[in-house]
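Thanks for making time this morning.

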Amino acid sequence: MSEIYSPSKNRKFYTIKQGLAKIFFTFGKKRKIIHDLFYMTLASKIYHFFASRITLFIVKNFSYDFFSNNKLLRIMLFSGIRGMSLKEIFKIRNLHFNKIIKNDEKIELGYKKIVDEIRKNGFAKLDDEFLNISSKEIEDVNMYFRNSYLYDGHDPLQSSLKKLKYSELNKHQINHQIFNKGYFSYDVETSLNNKLISSLFYNPKLKKLADCYCGFETEPYTISTMLNVKKEIVHPVTEFHRDTDDFIALGFFIYWSKTNRDNGATSYKIGSHMKIESSDFKTNILEVDAGTLIAGDWMGLHSGNSKMEDNERLITMIRFGKKINQSYMQTKSYYFF
Ligand SMILES: [Fe+2]
């Protein structure tokens, strides 16, 4: 085994009707036509191809920073990363990292330790001194989400687009390749309406850590909260894959429930954020307590867990980088921020 990109790549999960429903879905908000038009490029391989060649041309002849800082280029070319090989993506990443790594010496000590660990392994567990979440807060978040509506997919846009109550989940019967597979998710508004979660989304320490790792000014570009129910999960994200949100980004996984190898622990192949070849990576299983934050470069190989034997798993993911990027568009986060 050498290259793993994404198990979902080149797989079709939606009928034409479901695809159209996704295009027209606005979370009940006023339509943003320009964004939705560009959203449609996600379905066009020819567009990916041309967008990827133009992006490579710009990066080569100007610079990655030039491309990265230009919002217009970003919206027109965000799906270009889909038309690139891993080799092309990693070439852009490595050039950028080699350039910014020289500034690591200037990073404040508490942050530098974490950045060093992410640079080396691809992820780092943040200790309680960095950000402390109390057990009362954990309990409140769990309660809040059990009382909120959710979608039957890994992401609201990768679901049947219908909102469900937590109490209805067991009765919910739908047979689809990726809907109702044990993953449920909340929309951005539901996450951000929770005070603690919104304070994490706008947390200056998380942003600073992301700025230091990425080597540029970042901002949060997606937030998603997911619930896994007790069920054998068969879903593409439980296979090793790389998140190609953007060339450079940093994401935080915030666990609201304890995880272990039989209950929803994420796996990460150490060092795979810097190398494509996957045969000699050691796998780390992220077994964590509730209230743990993991900072990670999710371009590195990772997988969800198909086992949820004893308890449910609630997790919030907040990702920092440059808006606009593929993940920001794909999740239609532009309807919220
Ligand atoms: Fe992922």
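Predicted model: local features only at pLDDT ≥ 70, side-chain atom pairs only at ≥ 80, totals over all residues.

The protein chain has 12 helices and nine strands. Its radius of gyration is 19 Å, close to the 20 Å that the globule rule gives for 337 residues, so the chain is as compact as a globular protein of that length. If you take the principal axes, the C-alpha atoms fill a box of roughly 55 × 50 × 40 Å. Buried residues account for 40% of the 337 residues, and among contacts between residues at least 6 apart in sequence, 82% join residues that are at least 24 apart.

Let me turn to the sheets. One of them is an open sheet of six strands in the order β1-β7-β4-β9-β3-β2, and the pairing is antiparallel. Its edge strands are β1, residues 123-126, and β2, each of which pairs on one side only. Neighbouring strands of this sheet are turned by 25° against each other on average, if direction is ignored. Within the sheet, strand β4, residues 250-255, and strand β7, residues 293-296, pair in the antiparallel sense over four bridges, and as a point of reference, Gly 251 has Gly 296 of β7 as its bridge partner.

Which strands does helix α7 touch where it packs on this sheet? Helix α7, residues 109-121, touches β1 and β7, and its direction makes about 145° with that of β1. Helix α11, residues 204-214, lies across β4, β7 and β9, and runs at about 55° to β9.

There is also an open sheet of three strands, in the order β6-β5-β8, again with antiparallel pairing. Here β6, residues 283-286, and β8, residues 302-303, stand at the edges with a single partner strand each, so one side of each is left without a neighbour in the sheet. Strand β5, residues 266-269, pairs with β6 in the antiparallel sense over four bridges, and the bridge partner of Tyr 268 in β6 is Asn 284.

Coming back to α11, I would like to say what its side towards the rest of the chain contains. Leu 206, Leu 209, Ala 210, Cys 212, Tyr 213 and Cys 214 are the residues listed as buried in this helix, and the buried residues of α11 pack against α7, α10, β4, β7 and β9. Just after the helix, Gly 215 takes a positive phi of about 80°.

The other helix I want to look at is α8, residues 135-146, which has 12 residues and reaches 17 Å from its first C-alpha to its last, close to the 16 Å expected at 1.5 Å a residue. Its buried residues are Ile 138, Val 141, Tyr 144 and Phe 145. These cover an arc of only 125° around the axis, which puts them on the same side of α8. What do the buried residues of α8 pack against? They pack against β2 (183-186), α10 (195-201), β3 (219-228) and β9 (313-321). The face of α8 turned away from the buried side carries the exposed residues Ser 135, Lys 136, Glu 139 and Met 143.

The peptide bond from Lys 323 to Ile 324 is cis, with omega near 15°, and Ile 324 lies in the loop between β9 and α12.

Two residues have a positive phi although neither is a glycine: Phe 27, at about 55°, and Lys 332, at about 50°. Are they buried or exposed? Phe 27, in the loop between α1 and α2, has 13 C-beta neighbours inside 10 Å and therefore counts as partly exposed. Lys 332, in the segment after α12, has 23 C-beta neighbours inside 10 Å and so counts as buried.

That is where I will stop, and I am glad to take questions.

Definitions and conventions:
Residues numbered from 1 in each chain as written. Helix = DSSP H or I, 4+ residues; strand = E, 2+ residues; numbered from the N terminus. Expected span 1.5 Å × (residues − 1). Buried ≥ 20, exposed ≤ 12 C-beta atoms within 10 Å, placed from the backbone. Arc of directions from axis to C-beta. Contact = placed C-beta atoms within 7 Å. Rg over C-alpha atoms; globule rule 2.2 N^0.38 Å. Pairing = 2+ DSSP bridges. Axes fitted to C-alpha atoms, helices over the stretch in contact; angles between N-to-C directions.
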